[in-house]
Amino acid sequence: MGTLQFIQTTPEQLSELIQMGVKKELQALKKELLHENANDEILTRDEVCKILSIDPSTLWHWQNKNKIKAYGISGSRRYYKRSEIMEALKLLKK
């Protein structure tokens, strides 16, 4: 590994450069995480209720009013797509 020298760089300038680099990388990560394809995680009924801070009966009413789509494999198990939950929240903000 080579030697790295900081000529005419104060500790404050070095700190600022590091902070700018970290901030840039965090913004890129945030953009990637907020991308719609990254939000196609499948959630259970309890997870959705916890995220939205609502009662399961509220989720049931929203589902019956077609505000939120539910998916199922068999029986009474219901699953939800995180991207659709977030999209429903965006619609409510209007």
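This passage describes the fold, the surface and selected side-chain contacts of a predicted protein model.

Residues are numbered from 1 along each chain as its sequence is written, and side-chain values use heavy atoms, with hydrogens and water left out.

The protein contains 4 helices and 2 strands, where helices (H or I, at least four residues) and strands (E, at least two) are DSSP runs numbered from the N terminus. Their order from the N terminus is α-β-α-α-β-α. Of the 94 residues, 14% are buried; buried denotes under 20% relative accessible area, exposed over 50%, and partly exposed the range in between (1.4 Å probe, protein chains only). Among contacts (heavy atoms within 4.5 Å) between residues at least 6 apart in sequence, 42% join residues at least 24 apart.

A nonpolar surface patch is formed by I18, V22, L26 and L29, which together have about 370 Å² of accessible area. Patches consist of residues with over 30% relative accessible area and no salt bridge, with like charges joined within 9 Å and nonpolar side chains (Val, Leu, Ile, Met, Phe, Trp, Tyr) within 5 Å. V22 is located in helix 1 (residues 11-34) and is partly exposed, its relative accessible area being 46%.

In helix 2 (residues 45-52), the buried residues are V48, C49 and L52. These residues lie on the same side of helix 2 because they cover an arc of only 100° around the axis, the arc being that of the directions from the helix axis to the C-beta atoms. The exposed residues D46 and K50 are carried on the face of helix 2 turned away from its buried side. Just after helix 2, S53 adopts a positive phi of about 55°, although S53 is not a glycine. S53 lies in the loop between helix 2 and helix 3 and is exposed, with a relative accessible area of 66%. A positive phi of about 60° is likewise found at N66, which is not a glycine. N66 is placed in the loop between helix 3 and strand 2 (79-81) and counts as exposed at 69% relative accessibility.

Q63 belongs to helix 3 (residues 56-64). The Q63 side chain makes a polar contact with the side chain of Y80 (2.9 Å). A polar contact is a pair of N or O atoms within 3.5 Å; within protein, one must be able to donate a hydrogen and the other to accept it, and residues adjacent in sequence count only if both atoms are side-chain atoms. When residues up to four places away in sequence are not counted, Q63 touches I68, A70, R78 and Y80.

The structure holds 1 salt bridge, defined as a side-chain nitrogen of Lys or Arg within 4 Å of a carboxyl oxygen of Asp or Glu. The side chains of E41 and R82 form this salt bridge (3.0 Å, N to O). The pair links distant parts of the chain, 41 residues apart: E41 is in the loop between helix 1 and strand 1 (42-44), and R82 is in helix 4 (residues 82-92). E41 is partly exposed, with a relative accessible area of 40%, and R82 is partly exposed at 22%.

Terms used: Predicted model: local features only at pLDDT ≥ 70, side-chain atom pairs only at ≥ 80, totals over all residues. Areas by Shrake-Rupley, 256 points an atom, 1.4 Å probe, with all protein chains shown as cover.
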